[in-house]
Amino acid sequence: MAITTKFTETFGVEHPIAQGGMQWVGRAELVAAVANAGALGFLTALTQPTPADLANEIAKTRDLTDKPFGVNLTILPAINPPPYDEYRQVIVDAGIKIVETAGSNPAPHLPMFHDNGIKVLHKCTSVRHAVKAQSLGVDGISIDGFECAGHPGEDDVPGLVLIPAAAAQIEIPMIASGGFADARGLVAALALGADGVNMGSRFMCTVESCIHQNVKEAIVAGDERGTELIFRSLHNTARVASNQVSREVVEILKNGGQFPDVQELVAGVRGRRVFDEGDVDAGIWTVGTAMGLINDIPTCDELVSRMVSEAEEIILGRLGNMVEDDDEENVA
Ligand SMILES: Cc1cc2nc3c(=O)[nH]c(=O)nc-3n(C[C@H](O)[C@H](O)[C@H](O)COP(=O)(O)O)c2cc1C
């Protein structure tokens, strides 16, 4: 059996499950394992220091899988922006057929992607941005609720409302993102009107994810209250793991501090030490409230096949059994 949706059909994957872009985490080993499990993995373009490194990472992923996979291009405002055009050119030249855009309006990138037969899945955190992206001609939406790891936007609308509100206005394939980690979430997303789920935190805590084992164990030990929202006052909210550093950042900004006052605390090099060396208090690292649902470190194949088979059981068993057939009762 299989769960077939508009998402699986449009993006050519077996299961309605995606692994969204993850800075420092979305590398070849993880993305290939997700692809081999029949889900849709995305390499994170900007994890690669240069466009040439991205080309190498795409080649490395192809050595590990024959299945489709995509590349995430996150476009965020920056004082010294990375060479987005060059990363985009590498994606096209490498023959990638699916791109996940996130962070800002995908319009400048759409003509080149579409001219080269690339489907664009745009990730956003509000109904209005999803509607806008649909009108621009993207091929799918990933709607990211307040529960999510990373940037939940500034509206604070959780998935229970955001997903059906978006589904009411979105006609193209739409997957739900933020807080999904198991079969119950997948079934709930489908019931709310989505065509599948996107997961970050859950895939981060798998055997093939290349981060330090200590971080995976911290995710398993953590619960749904284990995150902080930093940069609220700067209108650039990010959901990250609660630790000494993130709590200090929240405190400084709450007391009127500005970005320069926390710049050293949030430095990328400190965050890298968390993932590379396993010191979970060394800096800021990203994870979502889904931590409360993550209790093990499976392979991607175990995770995806378990989610799909349990989702089928929930739909046909537990939910199906709740529906009584009035006619049958009358006959009896
Ligand atoms: C470690 C980590 C890094 C992330 N980096 C990015 C990123 O660079 N670009 C992006 O679009 N999303 C990024 N995300 C967000 C994920 O793609 C996804 O939208 C999010 O994790 C969904 O919420 P969940 O963690 O509850 O599944 C990141 C998430 C994590 C956990």
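This is a predicted model: local features need pLDDT of at least 70, side-chain atom pairs count only at pLDDT 80 or more; totals for chains, interfaces and linings use all residues.
A183, R184, L186 and V187 in helix α8 meet M307, E310, A311, I314 and I315 in helix α14. By class, this contact of α8 with α14 brings together seven nonpolar and two charged residues, with no polar ones.

**Helices α8 and α14**

- Two packed helices are described by the angle between their axes and by the distance between those axes.
- For α8 (residues 183-191) and α14 (residues 300-322), the axes come within 8 Å and cross at roughly 60°, and that angle makes α8 oblique to α14.
- The crossing in which α8 passes α14 is right-handed.

**Helices α3 and α4**

- The axes of α3 (residues 51-64) and α4 (residues 84-93) come within 9 Å and cross at roughly 25°; angles under 35 degrees count as roughly parallel, and α3 and α4 are therefore roughly parallel to each other.
- In this pair, α3 passes α4 in a right-handed crossing.
- On the α3 side the residues in contact are P51, L54 and A55, and they meet E86, Y87 and V90 in α4; by class, the contact has five nonpolar residues, one charged residue and no polar ones.

**Helix α6 and its two sides**

- Which residues of α6 (residues 127-136) are buried? They are V127, H129, A130 and A133, and because they cover an arc of only 165° around the axis, they lie on the same side of α6.
- R128 and S135, by contrast, are exposed on the other side of α6.
- The buried residues of α6 are covered by elements that include strand β5 (119-124), strand β6 (140-144) and helix α7 (159-167).
- After α6 comes G137, whose phi is positive, near 100°.

**Two non-glycine residues with positive phi**

- W24 is not a glycine, yet its phi is positive, at about 75°; W24 is found in the loop between strand β1 (17-19) and helix α2 (28-36).
- Is W24 buried, exposed or partly exposed? Because a residue needs 20 or more other C-beta atoms within 10 Å to be buried, W24, with 19 of them within 10 Å, is partly exposed.
- D156 is likewise not a glycine and has a positive phi, of about 60°, and its place is in the loop between β6 and α7.
- With 13 C-beta neighbours inside 10 Å, D156 counts as partly exposed, because a residue is exposed if it has 12 or fewer.

Technical notes: Residues are numbered from 1 along each chain as its sequence is written. Helices (H or I, at least four residues) and strands (E, at least two) are DSSP runs, numbered from the N terminus. The arc is that of the directions from the helix axis to the C-beta atoms. Two residues are in contact if their C-beta atoms, placed from the backbone, lie within 7 Å. Axes are lines fitted to C-alpha atoms, for helices over the stretch in contact, and angles run from 0 to 180 degrees between N-to-C directions. Angles under 35 degrees count as roughly parallel, over 145 as roughly antiparallel, 65 to 115 as roughly perpendicular and the rest as oblique. A crossing is left-handed if the near helix is turned anticlockwise from the far one by less than a right angle, and right-handed if clockwise. Ala, Val, Leu, Ile, Met, Phe, Trp, Tyr, Cys and Pro count as nonpolar, Asp, Glu, Lys and Arg as charged, and the others, Gly among them, as polar.
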